Amino acid sequence: MARILVIDDHDTLREGMAVTLTRSGHTVTAARSGTDGVAAYKKTPFDLVVTDLKMDGMDGIAVTQALKSLDPAAVVMVVTAFGTIETAVQAMQQGAYDFITKPFTPDVLRAKVEKGLELSSTRRQVERLSARTEALESDAALAHGNLLVGDSEPMQRLVTLVRKAAATDATVFVRGESGTGKELVARMLHQLSPRKDGPFIVVHCAALAETLLESELFGHERGAFTGAVKRKLGRFELADGGTLFLDEIGEIPHSVQTKLLRVLQEKEIQRVGGEETLKVDVRVVSATHRDLQAEVKAGRFREDLYYRLHIVPLLIPPLRERPEDITALARHFVAKHSQRVNKRVKGLDDSSLRALTRYAWPGNVRELENVIEQSLVFAEGETLLESDLPTHLTGTAPRTDSGLPVPMGDRPLPDILEDLERQLIARAYEKAGGVKTETARLLGIKTSALYYKLEKYGFISKGERPEES
């Protein structure tokens with residue numbers, strides 16, 4: 001049932017309300033002053049607060065103001081005498097949802113409380129949905145498609161394992177090189193599971209500092225640390241009833257590993273700075289490009305956490321081990337990006353597909369998608385040609401036994417990369433007709449950065465560069 005805080009400096013009335021509400025099945029905390037009541041709310045937020053209006057020291061209006069400052073979703077009901085109804089209205093203007101006039105019967109109190117709890121439930125749902133929406137919109141990964149493309153034997157084997165794992169509620173561990181599509185596997189697991197109608201929440205563990213990661217996972221209370229100006233729901237709470245994807249799990253520090261292990265074992269969390277224990281129903285899918293067994297041996301990752309995460313292991317094969325999927329992936333990415341980048345392009349010709357297939361793709365599917373998107377910028381016709389591809393692809397020699405391309409010549413890598421950058425800028429500069437702002441737009445860089453590159457590679461003289469403020 002609900003958690004209710006009763007604040008009243010009159011012992012008999014306070015105890016009477018507490019007994020009535022306890023008998024109704026609620027968990028009741030009683031405070032004998034406004035100051036004590038606010039202090040109790042700081043430790044554990046309540047579903048409803050019933051406070052007397054006239055109290056020595058901190059009165060009901062001050063209590064209402066303090067609680068609404070701590071928690072805008074707080075539901076407060078004030079208790080007032082018949083002659084102070086105007087003051088009760090004033091309390092409602094400060095955020096109280098209703099008032100009850102003394103004397104009142106237990107039935108009236110119960111009816112008012114039930115009304116307040118309905119409002120509290122609605123506000124909490126709105127708060128949770130709002131936080132989930134904010135979390136989803138802020139996650140750039142949602143812009144990616146949800147389709148695992150590939151008919152090769154390794155991919156079909158992976159899809160079969162994903163379908164089997166999705167039918168269970170077991171914790172899944174996804175391993176693969178960077179760019180292989182670990183998040184897409186996690187999304188497929190979610191979409192095929194009984195939790196598909198629940199939220200799918202992503203945490204990129206490597207992108208957050210230790211203190212921020214803990215707050216991101218478990219949430220925090222207002223005032224828990226500098227900058228915590230309001231309570232924040234953690235990703236575990238937001239994922240309740242759904243799936244939480246922890247990307248690059250191998251990057252989390254030991255202190256967070258310990259707390260994560262407790263969540264997986266006990267299915268409960270505590271917000272940073274809070275004392276309340278919250279139950280969560282979340283399926284965890286984690287992923288990494290690291291060898292976690294080696295990390296365990298090196299003492300950088302807890303062995304007990306490794307086994308908690310490693311219930312169902314899934315390995316995504318790198319793109320060089322399934323070259324037969326490159327054609328399907330390339331066509332998929334042309335269809336995905338052409339409407340936004342270059343609507344003229346409808347497909348790829350055979351020469352461009354051969355060039356794509358020859359390359360070893362050390363950056364895996366992510367690199368292939370980036371190459372297709374870049375090539376669409378420069379394509380002139382309806383078909384993506386070999387000449388539209390970056391030169392490091394069209395000049396690639398056959399594979400070695402290791403799957404990596406043979407280097408062209410004996411030039412050092414920095415020189416090769418610099419030459420590729422110069423060629424890319426030259427093509428964009430020509431396509432833009434020498435217009436600097438359009439060239440910068442095509443390349444996706446700032447105009448000031450473009451001038452530096454143009455000057456560096458001799459496309460313009462130093463005197464042509466605009467003065468910087």
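This is a predicted model: local features need pLDDT of at least 70, side-chain atom pairs count only at pLDDT 80 or more; totals for chains, interfaces and linings use all residues.
## Sheet with strands E2, E1, E3, E4 and E5

Another open sheet is formed by 5 strands in the order E2-E1-E3-E4-E5, and its pairing is parallel. Its edges are strand E2 (27-31) and strand E5 (98-102), each of which has a single partner strand, so one side of each is left without a neighbour in the sheet. Direction ignored, neighbouring strands of this sheet are turned by 20° against each other on average. Strand E4 (residues 76-81) runs parallel to E5 and is joined to E5 by 5 bridges, and Val78 stands opposite Phe99 in E5.

Two helices are described against this sheet. Helix H1 (residues 11-23) packs on the sheet and touches strand E1 (3-7), E2, strand E3 (48-52), E4 and E5, while the direction of H1 makes about 170° with that of E2. Helix H2 (residues 34-43) also packs on the sheet, with contacts to E1, E2 and E3, and the direction of H2 makes about 160° with that of E1.

## Packing of H8 with H10

Helix H8 (residues 210-218) packs with helix H10 (residues 254-266) at an angle of about 15°, the axes being 10 Å apart. Because this angle falls under 35 degrees, H8 is roughly parallel to H10. The crossing of these two helices is left-handed.

On the H8 side, the contact is made by Glu210, Leu213, Glu214, Leu217 and Phe218, and these meet Ser255, Val256, Lys259, Leu260 and Val263 of H10. Divided by class, the residues of this contact are 6 nonpolar, 1 polar and 3 charged.

## Packing of H13 with H14

The axes of helix H13 (residues 326-341) and helix H14 (residues 350-358) come within 10 Å and cross at roughly 120°, which means that H13 is oblique to H14. In this crossing, H13 passes H14 in a right-handed sense.

The contact draws on Ile326, Thr327, Ala330 and Arg331 of H13, together with Leu353, Leu356 and Thr357 of H14. The residues of this contact divide into 4 nonpolar, 2 polar and 1 charged.

## Confidence of the model

The pLDDT of the protein chain averages 84, and 87% of the residues score at least 70. Over residues 135-146, however, the pLDDT is below 50, and this stretch has 21 contacts in the model beyond near neighbours in sequence. The pLDDT is also below 50 over residues 396-411, a stretch for which the model holds 23 contacts beyond near neighbours in sequence.

How values were computed: Residues are numbered from 1 along each chain as its sequence is written. Side-chain values use heavy atoms; hydrogens and water are left out. Axes are lines fitted to C-alpha atoms, for helices over the stretch in contact, and angles run from 0 to 180 degrees between N-to-C directions. Helices (H or I, at least four residues) and strands (E, at least two) are DSSP runs, numbered from the N terminus. Angles under 35 degrees count as roughly parallel, over 145 as roughly antiparallel, 65 to 115 as roughly perpendicular and the rest as oblique. A crossing is left-handed if the near helix is turned anticlockwise from the far one by less than a right angle, and right-handed if clockwise. Contact means heavy atoms within 4.5 Å. Ala, Val, Leu, Ile, Met, Phe, Trp, Tyr, Cys and Pro count as nonpolar, Asp, Glu, Lys and Arg as charged, and the others, Gly among them, as polar. Two strands pair if DSSP finds at least two bridges between them. pLDDT is the predictor's confidence in each residue, from 0 to 100.
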